[in-house]
Amino acid sequence: MDCVFCKILAGEIPGKILYQDEEVVAFPDINPQAPIHILIIPRKHIPSLADTTEADSALLGHLVSVANQMAKEAGIAQSGYRLVINCGQEGGQVVPHLHLHLLGRKSLSDTLG
Ligand code: AMP
Ligand code: ZN
């Protein structure tokens with residue numbers, strides 16, 4: 001499959017893995033939009049949030065929970081952070097493998113994106 005994130009999961013693209021378990025992997029964004037910019041993705045290739053169903057609720061909850069854990073480890077859980085999921089073309093999604101953006105260490109409070 002020609003999916004950049006599946007290639008990272010398969011070890012075909014070298015990169016720093018910050019966290020991994022049976023369901024989820026986290027790694028730094030290659031083009032950070034904030035001093036801390038981490039991507040949290042499911043191992044399962046789900047193209048976008050629009051492709052999830054109620055059956056994915058536990059996985060989605062786990063992705064958010066791991067994001068919060070990564071924020072704690074990065075020392076931004078108290079100062080604050082933003083989680084973003086871009087969904088589909090008009091949502092600004094470029095990589096068609098579901099992912100959460102964890103952004104922190106700059107003031108994001110007055111911006112939407
Ligand atoms: P989105 O616009 O929500 O699809 O975001 C895709 C994100 O993936 C962008 O922030 C890219 O910088 C990031 N990205 C693309 N390729 C890689 C890669 N090989 N390693 C890490 N991050 C990547
Ligand atoms: Zn994929």
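Q: What share of the 113 residues in the protein chain is buried?
A: Start with the cut-off: a residue counts as buried when its relative accessible area is under 20%. In this predicted model, buried residues make up 36% of the 113 residues in the protein chain.

Q: And what does an exposed residue look like, say A50?
A: The cut-off for exposed is over 50%. A50 has a relative accessible area of 61%, so A50 is exposed. You'll find A50 in the loop between strand 3 and helix 2.

Q: Let's zoom out. Which elements does the protein chain have, and in what order do they run?
A: Count two helices and five strands. Read from the N terminus on, the order is α-β-β-β-α-β-β. The radius of gyration is 14 Å, close to the 13 Å that the globule rule gives for 113 residues, so the protein chain is as compact as a globular protein of that length. Its C-alpha atoms fill a box of roughly 35 × 30 × 25 Å along the principal axes.

Q: How many of the contacts, as a percentage, join residues 24 or more positions apart?
A: Take the contacts with a separation of 6 or more; residues 24 or more positions apart account for 56% of them.

Q: How do I read a helix, and which residues of helix 2 are buried?
A: Here's the general idea: an α-helix has 3.6 residues a turn, so residues three or four places apart point the same way. Now the case at hand. Helix 2 covers residues 57-74, which is 18 residues, and reaches 26 Å from its first C-alpha to its last, close to the 26 Å expected. Its buried residues are L59, L63, V66, A67, M70 and A71. They cover an arc of only 145 degrees around the axis, which puts them on the same side of helix 2.

Q: What covers those buried residues of helix 2?
A: The cover includes strand 1 (19-20), strand 2 (24-28), strand 3 (36-42), strand 4 (81-84) and strand 5 (100-104).

Q: Which residues have the most contacts inside the largest nonpolar core?
A: That core has 16 residues, and the ones with the most contacts inside it are V24, I38, I40, L63, M70 and L102. Strand 2, strand 3, helix 2 and strand 5 each give two or more residues to this core. Helix 2 provides the largest share, six residues. Apart from this core lies another, of nine residues, among them C3, C6, L39 and V95. As for L63, leaving out residues up to four places away in sequence, it touches V24, I40, I41, P42, L98 and L100.

Q: How is an aromatic pair described?
A: By the distance of the centres and the angle of the planes. There is one aromatic pair here. F5 and F27 sit edge-to-face, 5.5 Å centre to centre with 75 degrees between the planes. The pair links distant parts of the chain: F5 belongs to helix 1 (residues 4-9) and F27 to strand 2, 22 residues apart. Both F5 and F27 are buried.

Q: What about phi?
A: Most residues other than glycine have a negative phi. R105, in the segment after strand 5, has a positive phi near 70 degrees although R105 is not a glycine.

Notes
Residues numbered from 1 in each chain as written. Chains lettered and ligands numbered in written order. Predicted model: local features only at pLDDT ≥ 70, side-chain atom pairs only at ≥ 80, totals over all residues. Heavy atoms only, no water. Helix = DSSP H or I, 4+ residues; strand = E, 2+ residues; numbered from the N terminus. Expected span 1.5 Å × (residues − 1). Buried < 20%, exposed > 50% of the residue type's maximum accessible area, 1.4 Å probe, protein only. Arc of directions from axis to C-beta. Contact = heavy atoms within 4.5 Å. Core = buried A, V, L, I, M, F, W, Y, C linked by side-chain atoms within 4.5 Å. Phe/Tyr/Trp six-rings, centres within 6.5 Å; stacked < 30°, edge-to-face > 60°. Rg over C-alpha atoms; globule rule 2.2 N^0.38 Å.
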